[in-house]
Amino acid sequence: MTNPRATGRGGQKTGGGPPDAIVLGIETSCDETGVALVRGDGTILAQALHSQVALHAAYGGVVPELASRDHILRLLPLTETVLGQAGLAWCDIDAIGYTAGPGLAGALLVGAATAQGLGFATGIPVMGIHHLEGHLLSPLLDPSAKELRFPFLALLASGGHTQIMRVNSLGDYEMLGDTIDDAAGEAFDKSAQLLGLGYPGGPAISALAAHGDPRRFDLPRPLLKRPTLDFSFAGLKTAVLTQVQKLKSANALDETARADLAAAVQAAIVEVLVAKCNRALRDTGLRALVIAGGVGANQALRGGLSELARDQDVRVYFPAPSLCTDNGVMIAWAAALKIASGHAPQAAGAFSVRPRWPLTALTE
Ligand code: KG4
Ligand code: ZN
């Protein structure tokens with residue numbers, strides 16, 4: 001078993017590259033402009049983030065063209081900010097990592113073009129990073145993950161993805177389960193919209209759920225009992241819609257009903273995610289599970305998985321909540337780990353982005 005984090009000073013090196021490379025990370029795949037400077041030993045030297053939540057709020061979801069334009073405005077000032085915070089100059093940077101996909105095409109192009117342009121101007125080599133690989137590796141930044149060894153399981157739950165992966169080694173990811181329709185984050189977001197809450201829905205549902213009774217409404221747990229690691233959340237949204245319509249026609253969609261429905265939505269999603277993680281641990285015999293992606297910030301999910309860890313005597317690793325949602329740190333860190341394991345960043349030049357890019361096809 002190899003230690004995925006063994007890249008630091010005094011640590012055992014996993015490959016050929018410099019273990020303490022300083023990497024500038026750029027994330028622009030969706031509605032967050034994230035920039036960070038991370039050293040190969042896992043030290044976060046500086047980070048800055050601009051969330052576009054307010055920009056998209058009026059539309060109930062992300063408007064791709066607005067997202068791209070805002071990334072253009074934010075990216076260079078944020079880069080200056082992190083360099084200033086860390087007290088570093090361009091000559092101190094060893095590589096620039098940027099999100100090359102998956103995500104919104106225009107938004108990805110802004111990050112990629114900026115990274116390549118900066119690389120071209122400064123001579124710093126660049127590396128395109130898979131957004132989900134960034135999420136997947138971010139729990140390794142936590143000091144609690146020092147003991148983590150390959151292989152381990154990972155739950156990736158974000159706005160666009162809900163997947164259970166077997167992480168065999170850096171870059172070798174095997175998909176064990178995937179959503180056949182909506183992602184878990186999407187189920188939070190769509191339910192929130194039906195309840196008249198803002199975007200993103202996850203934090204809004206979770207705040208409202210704190211005052212609600214999860215047992216009042218009986219919502220479906222799709223595929224829960226089936227012997228599969230796949231997920232399905234589209235039926236949940238339809239069930240919420242039906243409840244909302246019933247309550248509205250009875251003039252009973254008051255604050256209590258909204259809180260109870262929010263609590264029921266959260267309970268249904270959390271129960272399914274925890275049960276599938278449990279099944280994956282049992283099926284594979286693996287003892288370590290890493291949680292990644294925006295939904296990983298959900299406290300009820302963290303509670304359910306911590307309980308699972310106690311009951312089944314397994315370890316569950318969570319990134320800090322701020323590292324669960326999109327950020328530049330995870331992109332810089334993924335690039336730093338790759339460099340330490342012998343993947344060389346490339347001189348800036350021709351590039352493309354991959355709006356659709358399966359994590360299991362990293363080398364294609
Ligand atoms: O990973 P992420 O920031 O972006 C994507 O790559 O999609 O995930 C965003 C998703 C959104 O659907 C959002 O509602 C959800 O993560 N989310 C949460 C929470 N914070 C963010 N879902 C549940 N509870 C939260 N606290
Ligand atoms: Zn993400």
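**Entry 1: confidence**

Where pLDDT is low, the predicted coordinates should not be read in detail. For the protein, I noted a mean pLDDT of 94, with 95% of its residues at 70 or more.

For my own bookkeeping, residues are numbered from 1 along each chain as its sequence is written, while chains are lettered from A and ligands numbered from 1 in the order in which they are written. In this predicted model local features need pLDDT of at least 70, side-chain atom pairs count only at pLDDT 80 or more, and totals for chains, interfaces and linings use all residues, whereas side-chain values use heavy atoms, with hydrogens and water left out.

**Entry 2: the sheet around β1**

I looked up the sheet that holds β1 and found 5 strands in the order β3-β2-β1-β4-β5, forming an open sheet with mixed pairing. Helices (H or I, at least four residues) and strands (E, at least two) are DSSP runs numbered from the N terminus, and two strands pair if DSSP finds at least two bridges between them. The edge strands, each pairing on one side only, are β3 (44–51) and β5 (126–130). Neighbouring strands are turned against each other by 20 degrees on average, direction ignored; the axes are lines fitted to C-alpha atoms, for helices over the stretch in contact, and angles run from 0 to 180 degrees between N-to-C directions.

Within this sheet, β1 (residues 22–27) pairs with β4 (residues 95–101) in the parallel sense over 4 bridges, and I found Val23 opposite Ala95 in β4. Helix α11 (residues 328–340) lies across β1, β2 (32–39), β3, β4 and β5, and runs at about 135 degrees to β1.

**Entry 3: the zinc ion**

Which residues coordinate the zinc ion (ligand 2)? I found His131 (NE2), His135 (NE2) and Asp326 (OD), at 2.0 to 2.1 Å. Donors are N, O and S atoms within 2.8 Å of the metal (3.2 Å for Na, K and Ca), and water is not among the atoms, so sites may look incomplete. Along the chain these donors follow the spacing H-x3-H-x190-D. His135 in helix α4 (residues 131–137) and Asp326 in the loop between α10 (321–324) and α11 are 191 residues apart, and the pair links distant parts of the chain. Both His135 and Asp326 are buried, where buried means under 20% relative accessible area, exposed over 50% and partly exposed in between, with a 1.4 Å probe and protein chains only.

**Entry 4: the sheet around β6**

I then turned to another open sheet of 5 strands, with the order β8-β7-β6-β9-β10 and mixed pairing. Its edge strands are β8 (172–178) and β10 (315–317), each pairing on one side only, and the twist averages 25 degrees from one strand to the next.

Why is strand β6 (residues 152–157) largely enclosed by the rest of the structure? I noted that 6 of its 6 residues are buried, so β6 is largely enclosed. Phe152, Ala154 and Leu156 are buried on one side, and Leu153, Leu155 and Ala157 on the other, so that both faces of β6 are covered.

Strand β6 runs antiparallel to β7 (residues 162–169), joined by 6 bridges, and the two form a hairpin with 4 residues between them. With β9 (residues 288–292), β6 runs parallel over 4 bridges. I followed Leu156 to its bridge partners, Gln163 in β7 and Ala292 in β9. Finally, 6 bridges join β7 to β8 in the antiparallel sense, with Met165 partnered by Met175 in β8.

Conventions: Contact = heavy atoms within 4.5 Å. pLDDT = per-residue confidence, 0-100.
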